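Hi,

Here's the structure I said I'd pass along.

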Amino acid sequence: MRPFSKRTVLIMVTGVIMSAALLIGVNYTDACRLEQVTINDKPVEGWRTKLVLKDGRSVLRQPADSLADLMMRASNVFKVDISYELPDRIDIRTNNFEPVCFVVDAASGKMFGLTDEARVVSLENSEFNWEHPVLTSVLAGPLYDFCQDVRVSVIVDHLEWLRDDNIVLYRLIDEIDFGYDTFVQVALTGLPYRLKVRAESFHEQMQEFVEFVSRFDPDLSDVRVIDMRFDNMIICDGGKS
């Protein structure tokens, strides 16, 4: 192994010294003392008495765990994210969930997000993309609660499973309609027909649909519904199969 050159050693030493200086500056000088706290981008007045933060201490040396525990005691807070905004601010975000799919509330017509636990969340402060499917004919219920239809949590689990296994198929799913008692109906991007599948077998039956189409190349030009619910049998409503 060749020894480092003098230039390389000098660069490494300089880097160590600068890192140490930065660490000392952040933790032991007045340059990075905590001066402001925000919750969901709004400044907190009187944070020195309301929160468990230490006045005069560096931003990076504040008791973040104790702060998160305090915030979680509120009845309407289910998630807390704390970030350090140098030189002198801490930003707290509550209930900043990333939805894994969307749901249109059948009562209000409003769209909400669903977490990977199938918890209903607002989209106002969430980061999300529109590749996720939309669930319809569902009563969403209160924010941060769970939908009354127990099939929703089952479908969310299967969607996450499908996204890991077959991202292309996952992205083709536009809508999952819960307006039926014994099955859900799936709409796929660019296809004129819908699929009937059982919620508890969603992942398996969606994969079977792909195998059916790719293996047999059926003429589905006039088909309206493909029923995937039965073992060893696929029923096409209309058209040629």
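Arg93 and Asp41 pair up through their side chains in a salt bridge, with N to O at 2.7 Å. This is a predicted model, by the way. The pair ties together distant parts of the chain: Arg93 sits in strand β4 (residues 89-94), while Asp41 is in the loop between β1 (36-39) and β2 (42-43), and the two are 52 residues apart.

Arg93 has another partner too: its side chain meets that of Asp91 in a salt bridge, at 3.3 Å from N to O. Put together, Asp41, Asp91 and Arg93 form a linked network of salt bridges.

Arg93 comes out at 26%, so it counts as partly exposed.

There's also a salt bridge between Lys79 and Asp81, where the closest N and O atoms are 2.7 Å apart. Both ends are partly exposed: Lys79 has a relative accessible area of 27%, and Asp81 is at 28%.

On confidence, the average pLDDT for the protein is 85, and 84% of the residues score at least 70. The stretch to watch is residues 15-22, where pLDDT stays under 50. For those residues the model has 0 contacts beyond four places in sequence.

Cheers

Key: Residues numbered from 1 in each chain as written. Predicted model: local features only at pLDDT ≥ 70, side-chain atom pairs only at ≥ 80, totals over all residues. Heavy atoms only, no water. pLDDT = per-residue confidence, 0-100. Contact = heavy atoms within 4.5 Å. Salt bridge = Lys/Arg side-chain N within 4 Å of Asp/Glu carboxyl O. Helix = DSSP H or I, 4+ residues; strand = E, 2+ residues; numbered from the N terminus. Buried < 20%, exposed > 50% of the residue type's maximum accessible area, 1.4 Å probe, protein only.
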